[in-house]
Amino acid sequence: MSDGTCQGLGPDWVARASNDGSFHRSIPSRKTRVPSSSIPSSSPDFSGLWIPLVTPFQHGAVDHAALSALTRRLAGDGVTGFVVCASTGEAAALDEAEQLAALDTVQAAAGGLPIIMGLSGYHLGKTTAWVRRLAERPLAGLQVSAPHYIRPSQAGLLEWFRAIADASAVPLLVYDIPYRTGATLTRETLLALAEHPRIRGIKDCGGDMAKTRALIADGRLQVLSGEDHQIFGTVAEGGVGAIAASAHVQTRRFVQVLRLLAENRLAEARAEWQPLQPLIEMLFAGPNPAPLKALLAHGGSMRDELRSPMTRASDALRERLVVLDARLSRP
C-alpha cells in the first residue's frame, strides 16, 4: 500500500470519490475465445459503493414513483452506482416487462450514475437471449449468478459464464453466492473465468476468505464484498468496494467508510464502521429484503410490501431497526 491507498482501490476510485466524474479505465488485452473485434478497449471500474436496489410495491404492482425517489436520494448521498433486479430487488418475483420497466425508472432517476443489471436462471438459451435483449439498454455491466437448482460441475459452470459473457455487450460481475444457487465456484474456476475479457469482477458472497484473498492477489478480477458484515475486512485486504443492501440506510456513513479505506485512514474508517455493525446484523435477522423494507417503510420511502412467498419482517424486528437507525442518525 505504498501509494497511500488500499490495494485494489486505486487512484481512479479515489478521484471518483472526489466527484471528478471518472469512470472508465483501460485494461490489458488477454487471450480469449471472443473475436478481437468485439473486445472493448476499456472496461468499467466497479470500485466503490453500489446499491442493490429494493423494488418497492404498492397493492401488488411495482411502485415506480417510490423507486425513482429512492434512486434520486441515494444518488445524492454519494454512491457509485446501482444494481437493478438483484436478489435484494426480488427479481425472481418480477416478470421481464417489470424488470425492464424498473430498469428504465432507475436509469431516468440515477443522474447519470452507472447501472448494473442483475440476472439469474438455469436455462442457458433463455438466459443468453435475455442478455442480448439487455444490450439495448445503456448498462455498465451485468451481475450474473451460477445457474440455480441444477448444481452443475465446475466445467458446466465455466460453460455457463463464458457463454453469457460471449453474448453480452457489457462486462460481467460473477455473483458468487452458493447459499442461494446451490453451486460453489472454486478458486480455480474463478481464476479460469478471469481469462475472459468481459468477466471483470466478482460480487463475493462465497464465504471463503482464502478464496477471496487469492482473487485479490491474482488481480484480474475486481473483488467487491457482497456480504455486508465483511465489507471492512474485504476492502482493507485489497477488495475494491461493496454491493451492499444495508447501505440503503446510513448511506453516507457507508460511503465515508470506503473513502477512508481508500485513503488508508484505517483508524478513522474503523471508527465509522464499528457503529454500523448492530444495524447490519439486524437488517439480516430476517430474509432480505424484508427487514430493510420495514425500515424504509417506517421512514416513508415506500410501503412495507413484498411479493409472496416473501413476507414482512416482524413488528419487533422493525422496532429494533428503528431504534438502531435513530441512534446512528444522532449528531
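1. Let's start with Thr55: leaving out residues up to four places away in sequence, Thr55 touches Val62, Thr88, Gly89, Glu90, Leu94 and Lys293 (contact is heavy atoms within 4.5 Å). Before going on, note that this is a predicted model, where local features need pLDDT of at least 70, side-chain atom pairs count only at pLDDT 80 or more, and totals for chains, interfaces and linings use all residues. Numbering runs from 1 along each chain as its sequence is written, and side-chain values use heavy atoms, with hydrogens and water left out.

2. Thr55 sits in the loop between strand S3 (48–52) and strand S4 (57–58); helices (H or I, at least four residues) and strands (E, at least two) are DSSP runs, numbered from the N terminus. Thr55 counts as buried because its relative accessibility is 4% (buried is under 20% relative accessible area, exposed over 50%, partly exposed in between, with a 1.4 Å probe and protein chains only). A polar atom of the Thr55 side chain lies 2.7 Å from the backbone oxygen of Gly89.

3. Thr55 also turns up in the lining of the largest cavity, along with Leu53, Val54, Leu67, Val84, Cys85, Ala102 and Val106. On a 1 Å grid over the protein atoms alone, a cavity is a set of points where a 1.4 Å probe fits but cannot get out; a pocket is an open set with protein on both sides within 12 Å along at least five of seven lines; lining residues have an atom within 4 Å of a point. The space in the largest cavity is about 40 Å³, a volume being the space filled by probe spheres set on the points, which are joined across faces, edges and corners. Its lining has seven nonpolar residues, one polar and no charged.

4. There are two cavities of 30 Å³ or more.

5. The largest pocket has about 890 Å³ of space. Of its 34 lining residues, Ala91, Ala92, Ser120, Gly121 and His148 are the closest to its centre. H4 gives the largest share of the lining, three residues. By class, the lining has 15 nonpolar, 13 polar and six charged residues (Ala, Val, Leu, Ile, Met, Phe, Trp, Tyr, Cys and Pro count as nonpolar, Asp, Glu, Lys and Arg as charged, the others, Gly among them, as polar).

6. Helix H2 (residues 64–76) checks out: at 1.5 Å a residue, its 13 residues should span 18 Å, and its end C-alpha atoms are 18 Å apart (the expected span is 1.5 Å times one less than the number of residues). Its buried residues are Ala66, Leu67, Ser68, Leu70, Thr71 and Leu74, with S3, strand S6 (81–84), H3 and H10 included in what covers them. Just after H2, Gly78 takes a positive phi of about 95°.

7. Arg312 is in the loop between H13 and H14. The Arg312 side chain makes a polar contact with the side chain of Asp304 (3.1 Å); such a contact is a pair of N or O atoms within 3.5 Å, and within protein one must be able to donate a hydrogen and the other to accept it, while residues adjacent in sequence count only if both atoms are side-chain atoms. Arg312 and Ala294 lie 7.2 Å apart, C-alpha to C-alpha, though 18 residues separate them in sequence.
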